[in-house]
Amino acid sequence: MVNTSVLNIRSGPSTNYTALTQVKLGNKLQILEKNNGWYKVKLSNGIIGYGSIKYINVNNLISDNSVNIIGKKGQVKVRTSLNVRKGPSENYAVISRLRNNDIVDLLEKSNGWYKVKLSNESTGWASGDYISIYAGSNSQTESSTNNSSNISKAQAIVKTAHEQLGKPYVWVQKVQIVLTARV
């Protein structure tokens, strides 16, 4: 799935190759092979080209119903917002919304939908098409649903600081020497 606003799909595995087309955030790509920092991909319209690995999230778990997702975290990948519903389909009422890059706890999977735990401890269902399994460090995976990203970052910083308590450190004082020449 594309994780940037617009991704150039090129004729070869480098920025030296011409762009064949562009793919927008959230669009799915079929990955054919990996080549030195680039994925060879097939688009839904049949075009085959190359996209930078940096801008494509690989999410094998979405299509693998045998994988246990309980206890994992998911990262939302949408342009604006993702509806959270009472049940696992668009037929259920919207109870909340998630923003791009929000991190949520994954509780269950049903027919391509994830049951997610929100920051207020309530639960709901969101389409798995827009949630990637989060690969970040567990020590910094705060559920940022309905919180500003600055609050989540601050919580991660405080948590990291607490983890450092009691560890030895060395104080280093910087000294700046200014030389002047007299003529």
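What is the mean pLDDT of the chain, and what share of its residues reach 70 or more? Then walk me through the salt bridges and the parts around them.

Author: The mean pLDDT is 77, and 72% of the residues reach 70 or more. pLDDT is the predictor's confidence in each residue, on a scale from 0 to 100. In residues 60–67 the pLDDT is below 50, with 12 contacts beyond near neighbours in sequence. In residues 137–148 the pLDDT is also below 50, and that stretch has 38 such contacts in the model. A contact means heavy atoms within 4.5 Å.

Some ground rules come next. This is a predicted model, so local features need pLDDT of at least 70 and side-chain atom pairs count only at pLDDT 80 or more, while totals for chains, interfaces and linings use all residues. Residues are numbered from 1 along each chain as its sequence is written, and side-chain values use heavy atoms, with hydrogens and water left out.

The chain has one helix and 12 strands. From the N terminus on, the order is β-β-β-β-β-β-β-β-β-β-β-β-α. Both kinds of element are DSSP runs, numbered from the N terminus: helices are H or I with at least four residues, strands E with at least two. Of the 183 residues, 33% are buried. Buried means under 20% relative accessible area, exposed over 50%, and partly exposed in between (1.4 Å probe, protein chains only). Among contacts with a separation of 6 or more, 50% join residues 24 or more positions apart.

To the salt bridges. There are four in the structure. The term covers a side-chain nitrogen of Lys or Arg within 4 Å of a carboxyl oxygen of Asp or Glu. Side chains of opposite charge can pair when their charged atoms come close.

Take Asp129 and Lys28. Their side chains meet at 2.7 Å, N to O. This pair links distant parts of the chain, 101 residues apart. Asp129 sits in the loop between β11 (123–127) and β12 (131–133), while Lys28 sits in the loop between β2 (19–24) and β3 (30–35). Asp129 counts as partly exposed because its relative accessibility is 31%. Lys28 is partly exposed too, at 47%.

Arg99 and Asp102 form another bridge, at 3.9 Å, N to O. Asp102 is buried because its relative accessibility is 3%. Arg99 is partly exposed, at 35%.

Then there is Glu121 with Lys117, at 3.2 Å, N to O. Glu121 counts as exposed because its relative accessible area is 55%. Lys117 is partly exposed, at 27%.

What lies in the interior? The largest nonpolar core has 12 residues, among them Val104, Leu106, Tyr114 and Val116. Strands β7 (81–85), β9 (103–110) and β10 (113–117) each supply at least two residues of this core. Another core, of nine residues, lies apart from it and includes Val2, Val23, Leu29 and Ile56. A nonpolar core is a set of buried Ala, Val, Leu, Ile, Met, Phe, Trp, Tyr and Cys residues joined through side-chain atoms within 4.5 Å. In soluble globular proteins, nonpolar side chains tend to be buried together.

Ser110 lies in strand β9. Ser110 is partly exposed because its relative accessible area is 23%. Not counting residues up to four places away in sequence, Ser110 touches Pro88 and Trp125.

Ser89 belongs to the loop between β7 and β8 (94–99). Ser89 counts as buried because its relative accessibility is 18%. A polar atom of the Ser89 side chain lies 3.1 Å from the backbone nitrogen of Asn91.

Ser52 is in strand β5 (residues 48–52). Ser52 is buried because its relative accessibility is 9%. Leaving aside neighbours within four places in sequence, Ser52 is in contact with Leu7, Gly37 and Trp38.

How values were computed. A polar contact is a pair of N or O atoms within 3.5 Å; within protein, one must be able to donate a hydrogen and the other to accept it, and residues adjacent in sequence count only if both atoms are side-chain atoms.
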